[in-house]
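Work through the exercises below with the sequence and the coordinates open beside you. Each task is followed by a solution that goes step by step.

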Amino acid sequence: MPSAPVEHRLAHVLGTSLRVAVMFVVAAAIVVPLVYAVIGGLRDTGEIRNRPVALPSDWFPHKYLEILGSETYWRELFNSVIVATITTLIVVGLAAMAAFAFARMTFPGKEKLYTLFVLGLLFPVAIAILPLFILVRQLGLLDSPLGVALPLAAFGLPLTIVILRPFFRAIPVELEDAARIDGCSAFGFFWRIVLPLSRPALATVAVLAIVGAWNAFLLPLVVFSSSDQWTLPLGVMNFSTQYTSDTARVLAFTTLSLVPALIFYVIAERQIVGGLTAGAVKG
Amino acid sequence: MLPALLFYAIFVLLPIAQAMVYSLFKWNGLKPLSDFIGLANYQKALSDPVFLGAISHNALIILLSLFIQIPFALGLALLLNRDFPGRAVLRLLFFAPYVIAEVITGLIFQLMLTPDGLVDQTLEAFGLGSLVRLWLADPSIVLSTLFVIISWKYFGFHMIIMLAGLQDIPREVEEAAVVDGASRNQTIRHITLPLLGPTIRVSVFLSIIGALQLFDLVWATTKGGPVNASNTMATYMIDWGIRRNQLGYGSATAVILFVMAFIVALLYQRFVMRRDIEGALTAGPG
């Protein structure tokens with residue numbers, strides 16, 4: 001027996017209100033820490049301690065400007081950009097070639113090799129960090145961006161290959177045949193047809209690699225002994241210990257460190273979300 | 001494909017193998033590798049209450065993630081799985097914490113959680129002053145606090161994965177259930193959730209692996225303290241391997257972590273995900 005119309009409508013309204021309330025609370029939970037950081041940078045440490053929840057008395061961004069005027073911030077930002085760029089170029093380049101081979105070529109041991117890469121998904125950098133430190137030192141890359149970019153790229157290969165392979169596989173065989181008939185080599189096919197057609201997937205894995213490299217902390221911590229090479233995460237941690245009692249200033253630096261990532265995120269959100277769901281759910 | 005393999009072998013496979021070798025020595029990373037001590041490092045690790053504590057902390061985080069974080073993400077995904085104004089904005093918002101570095105997240109929360117800081121004063125403003133604790137300084141609750149921070153960062157990630165899985169479920173199946181007289185709850189329990197199984201299993205797997213190698217966040221908020229109450233296997237390893245220069249011992253703990261991750265992966269594949277991945281890794285054209 002269907003429920004009476006009034007009860008039904010009431011249940012519907014309650015359900016919707018509950019839904020809205022939950023989402024509001026969750027959204028607030030996410031926003032609060034970020035707003036705290038941004039606003040905190042505009043206030044005084046003493047103020048923050050006395051009244052954590054309040055608007056700045058003076059909206060002029062003193063500390064922000066100070067940090068933006070410091071050489072340290074820009075140097076660390078630059079280092080982060082270098083590391084992220086090198087890492088992404090290497091990992092996407094190598095993974096694309098490997099994914100292409102896995103997707104469209106046959107060779108002995110293919111499935112076993114693929115499994116070998118897939119296993120890499122469950123080994124984070126942390127496990128190999130000590131030998132990596134020795135290895136990087138032996139290669140003379142201790143205070144070089146390559147010392148971080150190379151291992152990061154290697155550890156990023158599994159996820160990238162897993163995401164790219166289905167995309168490469170989906171390109172119709174007819175296209176490949178047509179290319180062959182036209183005298184195109186396998187590499188030519190890869191370079192001139194597969195890659196351009198896979199631009200969305202390539203964008204996704206590139207974005208994922210950039211985010212991963214940008215936020216990396218452990219590897220840079222171990223590899224960069226000279227503060228010249230520090231990336232933003234290292235810089236933030238150091239800044240916080242250096243100015244440990246100056247909460248406002250630390251918050252300002254922290255905000256300036258997360259803003260690039262957020263801006264990038266807003267621009268590239270579709271790529272990040274799309275790629276993760278494709279790779280994680282289907283790959 | 002060869003360059004990728006070579007690169008992978010040098011920077012991933014080789015170090016893992018090297019860790020196993022180093023773990024059999026007492027070594028400070030500088031003098032030649034000569035002090036062979038067999039499995040002594042492993043004995044030391046497995047009998048060190050601090051290390052065992054670290055393992056238990058990882059385990060607790062895993063349990064909390066499985067029984068709180070994932071159901072929460074699932075619930076949110078179910079709530080968000082319908083068209084309504086502002087849905088895209090919410091999706092954007094909920095996933096945002098994922099792109100912020102763990103150390104930055106940890107730092108901000110640490111500042112929010114100082115005694116009489118933002119969190120404490122907010123609680124008191126709402127009359128909940130009795131709930132105030134030493135969030136990061138009380139050994140008995142520091143892990144729970146860390147768990148909340150971890151959840152803040154990653155629940156959006158799991159929610160997005162579940163949303164994608166939900167959208168893969170054909171409408172017709174759910175509609176058929178409604179036509180057959182199933183209530184919304186019944187539909188969710190008997191149709192949606194089972195069909196969402198593979199997705200949930202992926203989320204669970206990623207969550208476990210993530211919890212096992214937890215480092216950045218802990219290092220940024222508590223460095224494993226107070227009094228080792230929030231140590232994870234990874235912070236322990238870095239403390240001994242890098243800070244105290246005992247690379248042999250540190251490598252042993254790394255290998256233990258590796259073995260655990262490996263066992264989890266194997267068991268998971270065999271018993272949980274077998275039906276999901278069976279086709280993906282073996283059969284199929286190429």
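**Exercise 1. State which domains are assigned to chain A, how far apart their centres lie, and how confident the prediction is for this chain.**

Solution. Begin with the domain assignment, which divides chain A into domain 1 (5-40) and domain 2 (69-282). Next, take the C-alpha centres of domain 1 of chain A and domain 2 of chain A, which lie 35 Å apart. Among the elements of chain A, the highest mean pLDDT (91) belongs to helix α4 (residues 71-104) of chain A, and the lowest (77) to helix α2 (residues 45-50) of chain A.

**Exercise 2. Describe the make-up of chain B: how many helices and strands are there, and what share of its residues is buried?**

Solution. Counting the elements of chain B gives 13 helices and zero strands. The C-alpha atoms of chain B, taken along the principal axes, fill a box of roughly 75 × 65 × 35 Å. Of the 286 residues in chain B, 42% are buried. Finally, among the contacts in chain B with a separation of 6 or more, 68% join residues 24 or more positions apart.

**Exercise 3. Identify which helix of chain B gives the most to the side that touches chain A, and examine the geometry of that helix.**

Solution. The contact takes 66 residues from chain A and 65 residues from chain B. On the chain B side, helix α1 (residues 2-22) of chain B gives the most, with twelve residues. That side of chain B divides into 50 nonpolar, 13 polar and two charged residues. Turning to the geometry, α1(B) has 21 residues and reaches 28 Å from its first C-alpha to its last, which is close to the 30 Å expected at 1.5 Å a residue. A bend of about 40° is found in α1(B) at B:Ala9. The buried residues of α1(B) include B:Phe7, B:Tyr8, B:Phe11 and B:Pro15.

**Exercise 4. Decide whether B:Gly250 is buried or exposed, and list its contacts beyond four places in sequence.**

Solution. First locate B:Gly250, which lies in helix α12 (residues 247-272) of chain B. B:Gly250 counts as buried because it has 30 C-beta neighbours inside 10 Å, where the cut-off is 20 or more. Leaving aside neighbours within four places in sequence, B:Gly250 is in contact with B:Met237, B:Trp240 and B:Gly241, and also with A:Leu130 of the other chain.

Technical notes. Residues are numbered from 1 along each chain as its sequence is written. Chains are lettered from A and ligands numbered from 1 in the order in which they are written. This is a predicted model: local features need pLDDT of at least 70, side-chain atom pairs count only at pLDDT 80 or more; totals for chains, interfaces and linings use all residues. Two residues are in contact if their C-beta atoms, placed from the backbone, lie within 7 Å. Helices (H or I, at least four residues) and strands (E, at least two) are DSSP runs, numbered from the N terminus. Ala, Val, Leu, Ile, Met, Phe, Trp, Tyr, Cys and Pro count as nonpolar, Asp, Glu, Lys and Arg as charged, and the others, Gly among them, as polar. A residue is buried if 20 or more other C-beta atoms lie within 10 Å of its own, exposed if 12 or fewer, and partly exposed in between; C-beta atoms are placed from the backbone. Domain bounds come from an automatic or database domain assignment. pLDDT is the predictor's confidence in each residue, from 0 to 100. The expected span of a helix is 1.5 Å times one less than its number of residues. The bend at a residue is the angle between axes fitted to the seven residues ending there and the seven starting there.
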